[in-house]
Amino acid sequence: MPPFTVLHVCMGNICRSPMAERLLALAVRERLTRRSQDPAQAEELVHSHSAGTGGWHAGEEMNPPAARQVTGRGGDVAGFAARKLRSDHIDAADLVLTATADQQEYVVALRPDAAARTFVLGEFGRLLAAVDAAALPPGDATPEAVYARGVALVAAAHDARLGASALATDDLDDPWGRGDQCFSRVADEIEETVHPLAGALLP
């Protein structure tokens, strides 16, 4: 059921997954603006949220250098609070994007039936290039159309990876405790997946 829901997962939910959550939301708003449609309807079309495999930082704000990357790129960090991943978060997600292969394994161990819709973020970005967009449902900016296209996109990406494994380079480095240059590189890598994803959902 709409909206198309994307769950981003990392370890502590204060650096990588919050950046992915908010940068995808920003990318969807930008796609709507390019289509001369109201960016305020983005949340009705795509629900982007996140959680961490550990609960050490539950309730905390985004790590400041991560927040700087989001706001510096035009995104919003208001209202963010870290949380620990729960099974119901996975159950409600149409697509789960993890920062690393280890976290992908953690998600699938919690919910084996989510394996076909759980990907390492970099892996999903690579697989998007192999998906035939013309074979997807029409790309209209309505909750129903974006949901149908998103579900079909995830299924096509899963088909494209059968027999292949994620690459070590698909993992996002953990920038925790490192400088702004590292956070900037990780944010760039996140955008390499979330921008094509937003474009595929809203062509």
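Reader: Which residues are linked with Arg 73 in a network of salt bridges?

Author: This is a predicted model. In it, the side chain of Arg 73 meets that of Asp 188 in a salt bridge, 2.9 Å from N to O. Arg 73 also has a salt bridge with Glu 191, at 2.8 Å from N to O. The residues linked with Arg 73 in the network are therefore Asp 188 and Glu 191.

Reader: How many residues apart in sequence are the parts that Arg 73 and Glu 191 tie together?

Author: The side chains of Arg 73 and Glu 191 meet in a salt bridge. Arg 73 lies in the loop between H3 and H4, whereas Glu 191 is in helix H8, so the parts tied together are separated in sequence by 118 residues.

Reader: Is Glu 191 buried or exposed?

Author: The cut-off for buried is under 20% relative accessible area. Glu 191 has 16%, so the residue counts as buried. For Glu 191 the class is buried.

Reader: What is the distance between the closest N and O atoms in the salt bridge of Arg 161 with Glu 123?

Author: A salt bridge here needs a side-chain nitrogen of Lys or Arg within 4 Å of a carboxyl oxygen of Asp or Glu. Arg 161 and Glu 123 form such a pair. Arg 161 is in helix H7 and Glu 123 in helix H6, 38 residues apart. The closest N and O atoms are separated by 3.7 Å.

Reader: Which backbone oxygen does the side chain of Arg 161 reach?

Author: Arg 161 is buried, at 9% relative accessible area. Its contacts beyond four places in sequence include Ala 115, Arg 117, Thr 118 and Phe 119. At 2.9 Å, the side chain reaches the backbone oxygen of Thr 118.

Reader: What is the relative accessibility of Val 70?

Author: Val 70 sits in helix H3, residues 64-72. Leaving aside neighbours within four places in sequence, its contacts include Met 19, Leu 23, Met 62 and Val 77. Val 70 counts as buried, with a relative accessibility of 0%.

Reader: How far apart are the end C-alpha atoms over residues 4-200?

Author: An unreviewed UniProt entry lists residues 4-200 as "domain: Phosphotyrosine protein phosphatase I". Over this range the chain is 48% helix and 11% strand. The C-alpha atoms at its ends are separated by 13 Å.

Key:
Residues numbered from 1 in each chain as written. Predicted model: local features only at pLDDT ≥ 70, side-chain atom pairs only at ≥ 80, totals over all residues. Heavy atoms only, no water. Buried < 20%, exposed > 50% of the residue type's maximum accessible area, 1.4 Å probe, protein only. Polar contact = N/O pair within 3.5 Å; in protein donor to acceptor, adjacent residues only side chain to side chain. Contact = heavy atoms within 4.5 Å. Helix = DSSP H or I, 4+ residues; strand = E, 2+ residues; numbered from the N terminus. UniProt positions renumbered as here; feature names shortened; annotations may be inferred.
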